[in-house]
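Reader: I have a model open and would like to walk through it. Can we start with one of the sheets and go from there?

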Amino acid sequence: MKDNKGFYNFSITSFGKAIRIFLVFMTLSGLAADGFAGTEVNKKRRPPNRKRGKGNDREIQYVHGDLFVGLGVNFASGEYFDYQKGYYNTTNPNFLYNGEFTQNSVQMNFGGQVRINPLKTIEGPLSLLGVVIGGSFLQRSFSHKFVLFNDAFSNKDYNDQSTITESFHSSHFLGQFMLRYGYRLFGEVGISSNMFLAGYRKQDLNRFTSGADVFGSEFEVNSSNNFNLTSDVMASGNLGWCFGIGYQIHKYAGIRLFSYFDKRYFKEEPDLSHFQPSVQVLVSY
Amino acid sequence: MKKIVQSFLPVLVFSIFLFGCKKGDIDLKSTEIGIDPAVNIDMVNQLLQLEGTLVVGDLPAKRKGGLGQIYPIRLRDGTAKADSVFYAYDDSIFVTFKIPSLQGFYKIRSLQFKLQGAKAYWKVPVINNNSGEYAFVFSIPRLIRQSDLRIDFNAEVFASQAGRRDSAVTDSGTVYLKVPKPKKCGELIKGKAGITRWQYILGDKAGKAKILLNTGGIGDRMDARYNGRYVVSTCPSLLEPWQFPKCDSPAECFPRNGSLFTEYTFDYDPAVSKTLEIFVTGYCSDPQTLWDLKVECP
């Protein structure tokens with residue numbers, strides 16, 4: 001949905017829309033493999049000197065579909081972390097800042113793809129070359145714990161510490177186009193395009209004072225706020241790389257190590273890169 | 001195919017339920033670090049750095065029999081409104097105030113203040129408890145995004161006379177916290193009576209930096225703080241890092257130089273810090289005082 005500035009705003013509603021698009025995509029890929037492709041693309045290999053109905057006719061399947069689900073690690077890196085670390089410096093000798101980043105998190109991803117092997121009937125290594133078009137849902141996140149220790153009362157029994165934990169969580173739909181080589185053991189490499197769906201930034205504060213010299217009384221406060229990440233700040237439509245290596249255990253099942261790499265996260269600098277390797281289980285048809 | 005889609009659907013729905021994004025109340029317009037006062041004033045209030053205790057609730061209202069007017073002593077510059085204080089990240093903000101009707105056996109017990117819109121207030125001990133000019137000090141950490149803020153405050157006073165136990169709460173006053181735009185080398189600043197605080201961002205060259213002050217016919221006080229320490233003052237002695245100039249400073253802190261610029265120098269090193277803070281205390285007893293100041297980089 002476009003807002004009045006012309007930006008696309010992805011809310012939960014549009015997130016649902018994206019999921020519907022994904023389901024339509026899955027249905028079409030299924031049709032391609034099962035129905036449409038079965039009649040239009042699949043051919044029968046028959047020696048030219050043989051008449052129809054004679055010889056060792058067998059169906060050649062040019063198009064396959066895969067559904068996959070996996071568990072991956074999201075590694076975030078880039079200047080945004082240095083930018084945040086820049087806040088540890090202060091001219092106030094009483095303030096001690098430090099922080100801690102969690103740049104990787106375990107995330108689930110899932111999706112589907114269509115594989116086309118147009119050269120399957122050609123003799124030789126080229127018969128193993130294919131094209132893969134797919135889409136997947138994945139998430140990215142990282143967090144930063146920012147601690148401020150106020151040492152102004154170092155000559156007293158007075159402890160004052162504030163901790164802010166900021167975390168970013170976002171969901172993305174990733175379209176991917178790859179070249180694939182191999183059948184049982186296969187490798188894939190290609191490009192991906194990231195579509196930001198929805199996300200949020202969470203800020204948690206914990207502040208406490210303690211000690212015998214505390215003025216009034218000791219206290220502890222905890223508060224939390226969520227903010228929506230929107231396409232105003234999040235990059236969308238940017239290109240990335242994807243690559244994988246896998247093994248087709250069975251006609252209907254496989255396993256692969258699959259990775260995405262994307263250099264854009266925010267619209268503006270300083271920005272982040274994401275590298276997301278994952279182990280996926282494939283259901284093929 | 002139908003079977004595959006049907007079997008996949010529950011996984012999809014479950015995943016969205018499990019991993020779907022939460023929805024916040026406010027759309028984020030920037031990836032800038034820190035707490036934004038425009039959308040989360042309560043958390044900003046909770047993060048103020050000071051010696052005090054945080055109490056949930058509204059600022060206590062004036063109690064019956066309480067004392068009257070309380071107001072901040074004007075800290076001003078050429079642009080800010082009266083009753084406003086300039087501030088910068090991590091700096092101590094020093095708000096001086098008066099309670100004209102506070103006399104006799106009443107003494108101040110604590111000051112209470114909060115950022116307007118916050119759900120809790122701070123109760124803090126008061127500095128200068130024995131003079132007619134009181135102050136409270138706090139800092140805004142750089143975890144908070146800089147923007148103009150407004151503070152409401154009042155004081156709790158008590159009767160110090162033997163046999164009396166009554167206490168009272170004064171009226172409330174307001175002070176504005178403003179973000180000044182730092183000056184560059186060579187830029188002139190002008191001011192009048194009261195305490196003015198400015199920041200200068202100096203250049204990339206190390207060496208002797210100059211502060212040029214013209215007090216005019218009425219003497220004014222000037223103090224400069226660099227890298228957390230006072231490096232220059234018109235007073236015979238420098239302030240401690242945690243101290244701030246006051247209106248009621250000794251007369252020797254307010255030298256006159258007619259219409260000439262007096263030069264003060266200090267060692268500047270951009271590798272240590274590029275920010276210089278200047279406090280000019282225009283002679284508070286005479287509102288006619290005027291002064292000019294500029295800083296020259298090495």
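**A sheet in chain B, and onwards**

Author: This is a predicted model. In chain B, four strands make an open sheet in the order E13-E20-E15-E18, with antiparallel pairing.

Reader: Which strands stand at the edges?

Author: Strand E13 (188-191) and strand E18 (262-268) of chain B do. Each has a single partner strand, so one side of each is left without a neighbour in the sheet.

Reader: And what does the twist average from one strand to the next?

Author: The twist averages 20°.

Reader: How many bridges join E13(B) to strand E20 of chain B?

Author: Four, and the two strands run antiparallel, with E20(B) covering residues 291-296. As one point of reference, B:Ile189 has B:Leu293 in E20(B) as its bridge partner.

Reader: What holds such strands together in general?

Author: Strands of a sheet pair through backbone hydrogen bonds, either parallel or antiparallel.

Reader: Back up a bit. What does chain B contain in terms of helices and strands?

Author: Chain B has two helices and 20 strands. It is 298 residues long, and 50% of them count as buried. Of the contacts in chain B with a separation of 6 or more, 77% are between residues 24 or more positions apart.

Reader: What does E16(B) pair with?

Author: Seven bridges join E16(B) to strand E19 (residues 275-282) of chain B, running antiparallel. There, B:Ala224 has B:Ile278 as its bridge partner. E16(B) also pairs in the antiparallel sense with strand E17 (residues 229-233) of chain B, over four bridges.

Reader: How many residues lie between E16(B) and E17(B) in the hairpin?

Author: Two residues lie between them. B:Asn227, in the turn, has a positive phi of about 55°.

Reader: And strand E8 of chain B, how many of its residues are buried?

Author: Five of the six residues of E8(B), residues 134-139, are buried, so this strand is largely enclosed by the rest of the structure. Its pairing with strand E5 (residues 92-98) of chain B is antiparallel, over six bridges. B:Phe94 has B:Val137 in E8(B) as its bridge partner.

Reader: Over to chain A. What is the order of elements from the N terminus on?

Author: The order is α-β-β-β-α-β-β-β-β-β-β-β-β-β, which comes to two helices and 12 strands. Chain A has 285 residues, and 49% of them are buried. Among its contacts between residues at least 6 apart in sequence, 72% join residues at least 24 apart.

Reader: I was looking at A:Val189. Where does it sit?

Author: A:Val189 lies in strand E8 (residues 185-210) of chain A. Its relative accessibility is 46%, so A:Val189 counts as partly exposed.

Reader: What does A:Val189 touch?

Author: Leaving out residues up to four places away in sequence, A:Val189 touches A:Met178, A:Leu179, A:Cys242 and A:Phe243. A:Phe243 is also the bridge partner of A:Val189 in E10(A). Strand E10 (residues 239-250) of chain A and E8(A) are joined by nine bridges and run antiparallel.

Reader: Last topic, cavities. How many of 30 Å³ or more does the structure hold?

Author: Five. The second largest cavity has about 50 Å³ of space.

Reader: Which residues line that second largest cavity?

Author: From chain A, the lining has A:His144, A:Phe146, A:Ile164 and A:Glu166. From chain B, it has B:Ile33, B:Gly34, B:Ile35 and B:Leu143. Strand E6 (129-150) and strand E7 (159-181) of chain A each supply at least two residues of the lining.

Reader: And by class, what is the lining?

Author: Five nonpolar, two polar and one charged residues.

Note on methods: Residues numbered from 1 in each chain as written. Chains lettered and ligands numbered in written order. Predicted model: local features only at pLDDT ≥ 70, side-chain atom pairs only at ≥ 80, totals over all residues. Heavy atoms only, no water. Pairing = 2+ DSSP bridges. Axes fitted to C-alpha atoms, helices over the stretch in contact; angles between N-to-C directions. 1 Å grid on protein atoms, 1.4 Å probe; cavity = no way out; pocket = protein on both sides within 12 Å on 5 of 7 lines; lining within 4 Å. Points joined across faces, edges and corners; volume = space filled by probe spheres on them. Nonpolar A, V, L, I, M, F, W, Y, C, P; charged D, E, K, R; others polar. Buried < 20%, exposed > 50% of the residue type's maximum accessible area, 1.4 Å probe, protein only. Contact = heavy atoms within 4.5 Å.
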